Amino acid sequence: MPSTVPAYGKEAAERLASMADVTASDGALRRFLHGLPGVDAVGLQVRAATLGTRSIKTTAKAYAIDLAISMIDLTTLEGADTPGKVRALCAKGAHPDPTDRTVPKVAAICVYGDMVATAKEALASASGSDIHVAAVATAFPSGRAAMPVKLADTRDAVAAGADEIDMVIDRGAFLSGRYLDVFEEIKQVKEACARPDGGAAHLKVIFETGELQTYDNVRRASWLAMLAGADFIKTSTGKVAVNATPPVTLLMLEAVRDFRAATGVQVGVKPAGGIRTSKDAIKYLVMVNETLGEEWLTADWFRFGASSLLNDLLMQRQKLRTGHYSGPDYMTVD
């Protein structure tokens, strides 16, 4: 079962505490975020494109496909979601290919908060209790709600059994420069993830990078969320025109690398939205390996937010195993 446990050793805690003055006031936080190195947009895009051209041979491709499957947050976030649809998704997550039990399980099932209990029950019935249930919260996808509503949304999902919370930041506050407001929002949601038993749901912070306008803003949002206690930083909701892109994901990978170098704290990354093919997924895995190394190549530290990606991975997996693709009705339509 993916643990997604941040590397908060004593040294890391001390180094992180030493940065407390950065968030002591709105002015201090603004100076820090605007003092981060500016992003070389051309260099970033060229680097991301170059990594996407790496040739992956058959054996490595087979490994990458299974790895990608194990990193998927299999998602349904529609107004028309029903308990039946969620149960079917859980069954697929636990046994992606019922004809081949060597296929890995997915990392998590991602649903709205009111479907958490249904997902937990369905996973237990499908021998998938080791799969996490992630719930979107804080007025997903817009984030337009009062803070008490966002906190209640989070607490309700945690009380229902959510292992992970995917929250959205207030992009309006961020873009208008109210960085401390966003910091406090993330911090309060993090506290709302606590359980009575002393544990806590892990927190993924969604930036909606397609609305952040600049690469510099993506870097600032990444550091802001990590300083506030994010366990994962996530690109997108999947509900806007521009979602995860290789350059933006590369920038976020570099941010978590630099954050660990500065604090000793390890944070995960989740690109979401628009990743539909095995070829795309493998490009992202190459990016993770080249930027962060093998340590991040687990579901503890890297996830794909996707609904349709799994089917393509299964088709490519079967092609490698049998030499031919399955028929058009071989895979379920999610």
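This is a predicted model: local features need pLDDT of at least 70, side-chain atom pairs count only at pLDDT 80 or more; totals for chains, interfaces and linings use all residues.
Start with the aromatic rings. A pair of aromatic rings is described by the distance of the centres and the angle of the planes. The count for this model is six aromatic pairs.

Select Tyr 112 and Phe 140. Their rings are edge-to-face, 6.0 Å centre to centre, with 75° between the planes. Tyr 112 belongs to strand β2 (residues 108–112), while Phe 140 sits in the loop between β3 (132–137) and α7 (147–159), so the pair ties together parts that are 28 residues apart in sequence. Are these two residues buried or partly exposed? Tyr 112 has a relative accessible area of 24% and is partly exposed, whereas Phe 140, at 10%, counts as buried.

Next, select Tyr 284 and Phe 304. The ring centres are 6.3 Å apart and the planes are at 90°, so this pair is also edge-to-face. Tyr 284 is in helix α12 (residues 278–292) and Phe 304 in strand β8 (residues 304–306), 20 residues apart. Both residues are buried.

Now select Phe 32, Trp 223 and Phe 259, which ring pairs link into a cluster. Phe 259 is also one of the buried residues of helix α11, so select residues 246–263 to see that helix whole. Its 18 residues should span 26 Å at 1.5 Å a residue, and the end C-alpha atoms are 26 Å apart, which agrees. Other buried residues in α11 include Leu 250, Glu 254 and Thr 263.

Thr 245 caps the N-terminal end, with a side-chain oxygen 3.3 Å from the backbone nitrogen of Val 248. After the helix comes Gly 264, whose phi is positive, near 85°.

Technical notes:
Residues are numbered from 1 along each chain as its sequence is written. Side-chain values use heavy atoms; hydrogens and water are left out. Rings of Phe, Tyr and Trp (its six-membered ring) pair if their centres lie within 6.5 Å; planes under 30 degrees apart count as stacked, over 60 as edge-to-face and the rest as tilted. Helices (H or I, at least four residues) and strands (E, at least two) are DSSP runs, numbered from the N terminus. Buried means under 20% relative accessible area, exposed over 50%, partly exposed in between (1.4 Å probe, protein chains only). The expected span of a helix is 1.5 Å times one less than its number of residues. A polar contact is a pair of N or O atoms within 3.5 Å; within protein, one must be able to donate a hydrogen and the other to accept it, and residues adjacent in sequence count only if both atoms are side-chain atoms.
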